[in-house]
Amino acid sequence: MPDVIGLGGSLRAASTSRAALQVALDGAEAAGAATRLLWVRDLDLPLYTAERSIPRSARELVDTAHACDAMIWSSPTYHGSISGSFKNVLDWLILLAERDPPYLSNKPIGLVATAGGVQGLQAVNSMEFIVRALRGWAVPLVMPVAQSWQSFDPDGRLTDEAVAAQLRALGAEVVRAARQFQAEGTCDYAGQYGPNGSGQRAVSSSAVL
Ligand SMILES: Cc1cc2nc3c(=O)[nH]c(=O)nc-3n(C[C@H](O)[C@H](O)[C@H](O)COP(=O)(O)O)c2cc1C
């Protein structure tokens, strides 16, 4: 059974991006995954810096991200991109640099955004850049929810069944991709770049940093 971690939401109690993430995870669960939602607001991470001790919540985040089979990310659209609080959570994933395999290797990642206007796809595209930087695999089916005030009530509950169905389909697609990776084993390049993929890691770490 694939383990799918949802990561995202805003700092607002009635966060629509958190609610959308939960619906996508419901779709993943219906497709046979075990799911867990990590809400940016609950993580309450300090701004990333390498010059302080690593908070326990950051360690838990990176351990959970490393152990899962797939992720779904969901951000509000802020100024045509993702929110600073969500980006900060993703910045902490640099702690996965020395893991084996590094970063989010072999993990499919589904992308969701909510937007007050129609710029949600820009937030999705911003996330896709980050997925690539972290060596994950962005799932092609994405879900930018436009004009979120029309699809969610003031308490942040999703009221639009068509949007819900698309989010659930995205969750199911992430599970389908995770199963492909499980069937294949992994997608590492050990054979090509030397024993245990060490050569590949050395080359790519410098490329990422
Ligand atoms: C600081 C800020 C910047 C925003 N920038 C945009 C934007 O560029 N484009 C857009 O469509 N919506 C924008 N919005 C609206 C949010 O994307 C929208 O309200 C979203 O649903 C908020 O997500 P949340 O409910 O998870 O907090 C912005 C909202 C805030 C607070």
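Is serine 83 buried or exposed? Select serine 83: it is buried, with a relative accessible area of 0%. Buried means under 20% relative accessible area, exposed means over 50%, and partly exposed lies in between (1.4 Å probe, protein chains only).

**Before going on**

This is a predicted model, in which local features need pLDDT of at least 70 and side-chain atom pairs count only at pLDDT 80 or more, while totals for chains, interfaces and linings use all residues. Residues are numbered from 1 along each chain as its sequence is written, and side-chain values use heavy atoms, with hydrogens and water left out.

**Stop 1: around serine 83**

Stay on serine 83. It sits in the loop between strand E4 (81-82) and helix H4 (84-91). Helices (H or I, at least four residues) and strands (E, at least two) are DSSP runs, numbered from the N terminus.

**Stop 2: the ligand**

Select the ligand and the residues around it. There are 17, and Ser10, Arg12, Thr16, Ser17 and Thr77 come nearest. A residue is near if one of its heavy atoms lies within 4 Å.

Colour this shell by type. Four residues are nonpolar, twelve polar and one charged. Here Ala, Val, Leu, Ile, Met, Phe, Trp, Tyr, Cys and Pro count as nonpolar, Asp, Glu, Lys and Arg as charged, and the others, Gly among them, as polar.

Next, show helix H1 (16-30) and strand E3 (70-78). Each supplies at least two residues of the shell. The largest share, three residues, comes from E3.

**Stop 3**

Look for pairs of N or O atoms within 3.5 Å.

- Serine 17: an N or O atom of the side chain is 2.6 Å from an oxygen atom of the ligand.
- Threonine 114: a polar side-chain atom lies 3.3 Å from a ligand oxygen atom.
- Glycine 116: a polar backbone atom is 3.1 Å from a nitrogen atom of the ligand.

On its own, the ligand has 650 Å² of accessible area, and the protein covers 73% of this. Accessible areas come from the Shrake-Rupley method with a 1.4 Å probe.

**Stop 3: the whole chain**

Zoom out. The chain has nine helices and seven strands. Of its 209 residues, 46% are buried.

Finally, colour by pLDDT, the predictor's confidence in each residue, from 0 to 100. The chain averages 91, and 89% of the residues score at least 70.

Methods. Polar contact = N/O pair within 3.5 Å; in protein donor to acceptor, adjacent residues only side chain to side chain.
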